[in-house]
Amino acid sequence: MNVANLQLEGLLMAVASINHLLVQKGVLSAEEIDLALRKAEAGETSQERSEGMSASSRDAVSFPIRLLELANQCQPEADMPSFSKLARMVGQIKEPYNDQM
């Protein structure tokens with residue numbers, strides 16, 4: 001596996017853990033984090049941003065955001081799923097893009 005992929009995997013799990021802690025401590029709600037992540041994905045997959053991008057490129061851009069969204073859905077007192085489990089879940093819930101973008 002590419003070392004850069006492992007670094008991104010670690011970074012995503014660190015951000016997920018920080019988000020989890022922010023919710024546990026009452027700094028942010030899970031809903032606030034979810035809204036921020038949905039706004040980030042909407043911006044990255046907007047027609048202007050994704051014009052000329054293949055579906056696989058749009059998936060690549062959306063993957064980390066969707067992984068963090070799924071991690072955010074875990075109850076604050078529950079253990080965080082592993083990266084591989086979250087990645088599988090992202091693949092299972094992925095919706096097809098409208099190719100008319």
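This is a predicted model: local features need pLDDT of at least 70, side-chain atom pairs count only at pLDDT 80 or more; totals for chains, interfaces and linings use all residues.
Helix α1 is followed by glycine 26, which has a positive phi, near 80°. The C-alpha trace spans about 40 × 30 × 20 Å along its principal axes. Of the 101 residues in the chain, 31% count as buried. Among contacts between residues at least 6 apart in sequence, 66% join residues at least 24 apart.

The description may begin with α1. This helix covers residues 3-24. From its first C-alpha to its last, the 22 residues of α1 reach 32 Å, close to the 32 Å expected at 1.5 Å a residue. Which residues of α1 are buried? They are Leu12, Met13, Ala16, Asn19, His20 and Val23. Viewed down the axis of α1, these buried residues fall within an arc of 120°, so they line one face of the helix. Val3 and Gln7, on the other side of α1, are exposed. The partners against which the buried residues of α1 pack are α2, α4 and α5.

With 15 residues, α2 reaches 21 Å from its first C-alpha to its last, close to the 21 Å expected at 1.5 Å a residue. Its buried residues are Ile33, Asp34, Leu37 and Glu41. Because these cover an arc of only 100° around the axis, they lie on the same side of α2. Glu31 and Lys39 are exposed, on the face of α2 turned away from the buried side. The buried residues of α2 pack against α1 and α4.

There remains the pairing of α4 with α5. Two packed helices are described by the angle between their axes and the distance between the axes. The axes of α4 (residues 55-72) and α5 (residues 83-93) come within 9 Å and cross at roughly 110°. An angle of 65 to 115 degrees counts as roughly perpendicular, and α4 is therefore roughly perpendicular to α5. On the α4 side, the contact involves Phe63, Arg66, Leu67, Leu70 and Ala71. These meet Phe83, Leu86, Ala87, Met89, Val90 and Ile93 in α5. By residue class, the contact of α4 with α5 consists of 10 nonpolar residues, no polar ones and 1 charged.

Notes. Residues are numbered from 1 along each chain as its sequence is written. Side-chain values use heavy atoms; hydrogens and water are left out. Axes are lines fitted to C-alpha atoms, for helices over the stretch in contact, and angles run from 0 to 180 degrees between N-to-C directions. Helices (H or I, at least four residues) and strands (E, at least two) are DSSP runs, numbered from the N terminus. Angles under 35 degrees count as roughly parallel, over 145 as roughly antiparallel, 65 to 115 as roughly perpendicular and the rest as oblique. Contact means heavy atoms within 4.5 Å. Ala, Val, Leu, Ile, Met, Phe, Trp, Tyr, Cys and Pro count as nonpolar, Asp, Glu, Lys and Arg as charged, and the others, Gly among them, as polar. The expected span of a helix is 1.5 Å times one less than its number of residues. Buried means under 20% relative accessible area, exposed over 50%, partly exposed in between (1.4 Å probe, protein chains only). The arc is that of the directions from the helix axis to the C-beta atoms.
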